[in-house]
Amino acid sequence: MSPSGERRNPLEIQELLDDCIGFLYGSTSALLACALVARSWVNAAQANLFRNPLASTPEFAFSNVRALQFLQALHSNPILARRVHELDLVVNHSNVHPSTLDNMGTLDFANLRRLYIDLEEHIAPELVEPLLSSPCLQYLHVRTPETFTALARVWECCSPTIRHFDLVCREESAQVPPTAHPIYLKSLCLTLRQWDDTCPLQPRSRLLHPFDLSQLTAIAIDEAVSVPWDSICAENIETLDVNGVPDPEHFFGTKMDLTVLPNLRILRIQFLGMIKVAMLNCLAPIILGAPHLHTLVLALVSEYDNDSKAQLAVLESALLPMVSLACPVVEVAYWDDDFTENELKGIFPQFLSRDMLRFARASSARSEPYLEDSWWHEIIRQI
């Protein structure tokens with residue numbers, strides 16, 4: 001009601017109007033139309049248009065032309081840069097050309113909270129420094145053909161507010177001198193690319209400088225990566241995601257014993273290819289050594305033929321004695337092309353009979369972080 005007692009038009013209530021326009025997020029054409037209706041509609045329409053302006057949608061594909069149009073809009077009205085909360089950049093000659101980044105450094109992305117940047121080509125490090133130093137940046141996702149140390153100058157310019165780091169880079173043995181202030185991470189998703197098959201993946205604690213791992217609660221790694229466990233506090237780890245069951249030597253030969261994660265609550269294993277006895281022997285002490293484990297996620301992300309599907313029954317028999325003591329939920333993540341839910345119920349009858357079995361669509365922790373259904377995205381959003 002208005003002060004005079006007359007019933008107000010709902011479209012005159014700004015908060016309600018803003019919420020309604022927010023439901024149109026992701027529909028560029030609808031938001032553009034809203035921005036032309038009235039002045040009271042402009043702020044909400046702009047906020048949703050520029051929240052993640054370069055995300056791929058069914059309406060608009062990712063392209064360099066689109067990135068240039070976006071930059072042109074920001075330069076014509078610089079205040080719009082403050083509307084940007086998320087930014088997805090795939091830097092190559094067919095998407096965002098490296099030269100396009102030159103013009104971004106002059107813009108004020110003061111409210112940028114998540115940055116996904118895929119550097120498919122070698123670029124000058126200074127081109128991305130302004131983006132990584134945003135004062136509100138919390139989620140950083142970097143894919144680069146460079147080595148970690150080659151970008152040492154970039155890391156030292158990173159905002160101290162970063163708490164979640166998803167990194168794919170080349171590994172090298174050189175260490176970075178500790179000159180920058182530490183950045184305390186809550187989650188780390190780490191994938192290291194080898195120069196060649198003879199080069200071991202052995203990241204040391206100082207190699208990830210200035211990112212401090214002592215406060216990590218969630219970590220996702222490839223099975224071939226030996227993480228600098230000496231920098232991690234085992235008591236803090238609540239989520240462990242392993243892309244491929246690891247060789248026991250990679251885990252148990254380190255300074256940190258993964259069989260002692262007293263507060264581990266979620267363990268996710270992506271099974272790649274054949275399931276071997278050595279894999280199950282590696283899992284047993286991790287599961288049994290986690291008294292607070294409540295969810296074991298089995299991500300079946302390989303292509304399974306009839307022979308490999310038969311192995312899954314063996315997997316259930318081996319895991320049942322462990323999980324019946326350790327955790328109440330076994331979630332099976334699968335691809336529709338490989339399985340149906342009814343087929344999986346037949347493969348895991350014992351989990352089903354104990355009401356432990358749950359199902360989910362498979363999504364990789366290494367999938368593009370801007371996908372809303374990414375498993376890893378859901379984990380870090382809850383931290």
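These are my notebook entries on one predicted chain, looked up feature by feature.

**Entry 1: overview.** I started with the whole chain, a predicted model. I count twelve helices and 13 strands in it. Of the 383 residues, 50% are buried. I then checked contacts with a separation of 6 or more: 71% of them join residues 24 or more positions apart. The exposed surface comes to about 17900 Å², with carbon and sulfur atoms supplying 53%.

**Entry 2: confidence.** Before going further I looked up pLDDT. The chain averages 76, and 72% of its residues reach 70 or more.

**Entry 3: cores.** The largest nonpolar core holds 91 residues, and Phe70, Leu87, Phe109, Trp155 and Phe165 touch the most other members. Helix 9 (residues 306–326) gives the most to this core, six residues. I picked Phe109 and listed what it touches beyond four places in sequence: Phe70, Leu74, Ala81, Val84, Leu87, Met104, Leu131 and Ser134. There is also a second, separate core of twelve residues, including Tyr139, Cys189, Ala299 and Trp375.

**Entry 4: strand 11.** Next I went to strand 11 (residues 295–300). Why call it largely enclosed? Because six of its six residues are buried, the rest of the structure largely encloses it. In a regular strand the side chains alternate between the two faces of the sheet. Here I find Thr295, Val297 and Ala299 buried on one side, and Leu296, Leu298 and Leu300 buried on the other. I then looked at the pairing. Strand 10 (residues 266–271) runs parallel to strand 11, joined by six bridges, and Arg268 stands opposite Val297. Strand 12 (residues 329–334) also runs parallel to strand 11 through six bridges, with Val332 as the bridge partner of Leu298.

**Entry 5: Ser187.** Ser187 lies in strand 6 (residues 187–193). Setting aside neighbours within four places in sequence, I found Ser187 in contact with Arg163, His164, Phe165, Leu216, Ala218, Trp376, Ile380 and Ile383.

Notes:
Residues numbered from 1 in each chain as written. Predicted model: local features only at pLDDT ≥ 70, side-chain atom pairs only at ≥ 80, totals over all residues. Heavy atoms only, no water. Helix = DSSP H or I, 4+ residues; strand = E, 2+ residues; numbered from the N terminus. Buried < 20%, exposed > 50% of the residue type's maximum accessible area, 1.4 Å probe, protein only. Contact = heavy atoms within 4.5 Å. Areas by Shrake-Rupley, 256 points an atom, 1.4 Å probe, with all protein chains shown as cover. Core = buried A, V, L, I, M, F, W, Y, C linked by side-chain atoms within 4.5 Å. pLDDT = per-residue confidence, 0-100. Pairing = 2+ DSSP bridges.
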